[in-house]
Amino acid sequence: MSGNKSSGVRYGMVIDVDKCTGCMACSVACQQENNVSFREDETNKLRSITWLEVFYLDNGKPYPEHRKAYMPRPCQHCDSSHHPYPYPPCTFVCPVNATHRDEETGLVNHIPVRCIGCRYCISACSYHARYFNWWDPKWPEPMEEMLTPDVSTRMRGVVEKCTMCIHRLQRAKNLAFMEGRRELEEGEYVPACVESCPAKAMTFGNLLDSHSEVAKLAKSPQAFRLLEKLKTKPKIYYLSSQDWIRKLADNVL
Amino acid sequence: MDSALIPEGVKRCSFKVFCLWLLVILGVIGWGVLGGFMVLWKGLNVTGLNDSFGFGLYITADLAIIALGAGAFFTGFLTYVIGKKELKDIINLAVVVGFICYTGAQIVLLLEIGQPIRGWFSFWHPNVHSMLTEVIFCITCYTIVLTVEYIPLILENRQLDKVPEFHYFSHNLHEIMVVFAATGTFLSFFHQGSLGGLYGVMFARPFAFRAGFFIWPWTFFLFVASAIASGPALTILVCKMVQGVSRKQLVGREAISLLAKVTGYLLTFYLIFKFLDTWWWATQTAPKMGMSFTEFFQGPYGMWLLVAELGVCGVLPAIILLIPKAREDDVLLIVACVLNCTGIVINRFVFTIQNLALPVLPFEELQIYVPTWTEWAPTVGVLAYGALLLSLSYRYLPMFPRERELNPID
């Protein structure tokens with residue numbers, strides 16, 4: 001773990017790849033919760049907006065050694081803090097401060113109305129976690145009725161990405177405040193993807209809270225992160241007992 | 001018909017022929033404007049860009065154009081700050097070429113960003129850590145400097161010069177041109193460098209990332225060096241082209257020879273450090289990120305690009321330009337300059353396209369980028385815009401101070 005720990009909060013996630021069935025309920029829940037736009041023809045996957053993309057992995061071997069797995073990939077909310085780049089690779093490069101890591105929570109947020117759409121952050125991210133709005137969003141009648149009111153829609157020409165449902169954090173904080181509390185309890189703030197997973201493959205919480213489930217799982221010997229050698233320090237941990245999956249997580253000479 | 005606007009004592013082609021030429025250029029510009037209009041109206045979905053290729057032809061063209069436009073500031077530096085008087089023959093041309101390059105690049109940038117109306121946000125919400133903020137600031141300021149350097153030339157038009165206020169204004173600007181040349185050198189150094197820094201700081205992209213000095217990755221310095229090595233080469237090429245089309249000698253050979261010598265030395269200097277950087281990146285930086293050197297060259301973006309950039313378009317023109325006899329041969333000089341400029345274009349291409357094409361996650365595949373006509377058209381349109389400005393400047397402005405001396409009219 002890195003980054004500014006003074007707030008004592010660093011939200012992160014652990015995804016158990018061995019449990020993931022590839023049902024994509026998480027991806028759909030995310031799309032619905034965050035008003036992610038879509039088009040009638042989504043065949044061009046390089047123009048689709050999928051804040052939570054599910055990677056398909058296989059070990060490249062024929063039957064009977066063939067194995068496959070599914071790896072959900074939200075934004076990694078990178079915690080990188082090494083000199084001289086103490087910021088995530090994407091926030092560091094934004095010319096207008098439209099994306100920024102909140103050091104109180106560790107979440108990398110974005111301001112759609114400030115984004116100029118230069119796509120430098122998209123180029124900088126090697127996880128492909130960022131998406132550009134190539135078209136204006138259009139929800140067919142009456143789907144606009146089901147838009148989440150807490151999440152602003154994004155127009156054409158701006159970048160967007162997974163926010164870890166930060167609007168749910170805000171809602172949870174507001175509810176806690178009304179009850180006279182400043183601290184959130186475990187489970188009060190949960191992103192839509194984690195809530196929707198039928199296999200309970202996703203765990204979310206404060207990685208710095210040693211009592212939390214997510215912190216314990218992140219320390220498991222089966223835990224790994226994507227592209228660790230790049231020093232991005234992602235806050236999304238994966239679990240797998242399968243060596244071949246762990247080998248696919250990073251480049252090795 | 002327009003003879004009153006043509007500088008005194010020089011010949012130009014007939015107005016009818018000039019208008020025909022303008023029609024051709026305007027046709028190409030029109031095609032470019034149509035492409036640009038489609039992008040602004042329909043959105044960037046009409047281009048070949050996608051979520052793998054956030055940067056594409058527009059950015060490659062921008063970087064190449066700006067690098068090649070470095071001839072303006074460097075020739076200005078040599079002329080006014082170092083005091084190389086023979087370059088006064090060619091400095092006006094260098095300034096016009098620079099002006100074309102920078103304004104043209106900004107026209108393309110207008111199309112490149114998803115929200116052109118918000119382009120000014122970088123001035124209001126600057127990110128001090130971002131190289132792109134620095135680029136936006138310096139390119140804007142340097143375009144202002146280039147405009148100020150271009151204005152005296154425009155005001156020297158035969159008819160405009162008759163207005164006393166314009167005459168005194170342009171004369172006074174000439175007197176303090178060294179201030180603008182020095183300012184331009186400072187600004188240009190930083191933004192040429194920051195354009196390199198754009199790539200070198202991408203620590204999640206092994207192909208582009210470089211170690212460096214303090215906050216500046218080595219690509220910062222390499223981009224400055226490559227820009228000043230190729231900018232004067234473009235100035236030479238444009239001069240040769242104008243001389244070829246007009247069938248006249250317009251500048252003293254000593255100006256071209258000096259620029260050719262300087263380009264040769266600068267290209268050699270750049271290549272030494274580029275080879276060192278490539279070796280360090282291949283043996284140290286990339287392996288630490290888990291990548292082997294050969295993994296960076298896949299599919300159409302193969303090793304041939306590296307050989308072309310550093311060998312055919314690097315070492316070869318450097319050798320030609322370092323040999324005095326070869327520099328004095330016009331054909332060899334033009335070949336060397338063309339190769340030099342091509343090498344820089346390849347360099348900008350590989351950092352933009354090859355960088356993004358390469359998978360970083362082990363289970364991903366190489367992507368291929370194919371630009372559409374809405375990307376080609378504005379890019380070519382900008383070149384036509386350059387031809388338009390150059391044609392108008394050559395016809396109506398005293399761009400070449402020694403033209404009359406070298407081409408006496410009987």
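In this predicted model, H9(B) crosses H10(B) in a left-handed fashion, meaning that the near helix is turned anticlockwise from the far one by less than a right angle. The helices in question span residues 218–246 and 253–288 of chain B, and they pack at about 155 degrees with axes 9 Å apart. That angle makes H9(B) roughly antiparallel to H10(B), the label used for angles over 145 degrees. Among the residues making the contact (C-beta atoms, placed from the backbone, within 7 Å) are B:Trp218 and B:Leu222 of H9(B), along with B:Phe269 and B:Tyr270 of H10(B). By class, this helix pair brings together 18 nonpolar, three polar and two charged residues.

Local features here need pLDDT of at least 70, and side-chain atom pairs count only at pLDDT 80 or more, while totals for chains, interfaces and linings use all residues. Residues are numbered from 1 along each chain as its sequence is written, and chains are lettered from A in the order in which they are written.

As for how the chains meet, 45 residues of chain A touch 40 residues of chain B. On the chain A side, strand E2 (53–58), helix H2 (120–124) and strand E6 (130–132) each supply at least two residues, with H2(A) giving the most, at four. That side of chain A comes out at 30 nonpolar, eight polar and seven charged residues.

Elsewhere in chain A, strand E8 (residues 202–206) is mostly covered, with five of its five residues buried (20 or more other C-beta atoms within 10 Å of a residue's own). E8(A) runs antiparallel to strand E1 (residues 11–16) of chain A, joined by five bridges; A:Ile15 has A:Met202 as its bridge partner in E8(A).

Note on methods:
Axes fitted to C-alpha atoms, helices over the stretch in contact; angles between N-to-C directions. Parallel < 35°, antiparallel > 145°, perpendicular 65-115°, else oblique. Contact = placed C-beta atoms within 7 Å. Nonpolar A, V, L, I, M, F, W, Y, C, P; charged D, E, K, R; others polar. Buried ≥ 20, exposed ≤ 12 C-beta atoms within 10 Å, placed from the backbone. Pairing = 2+ DSSP bridges.
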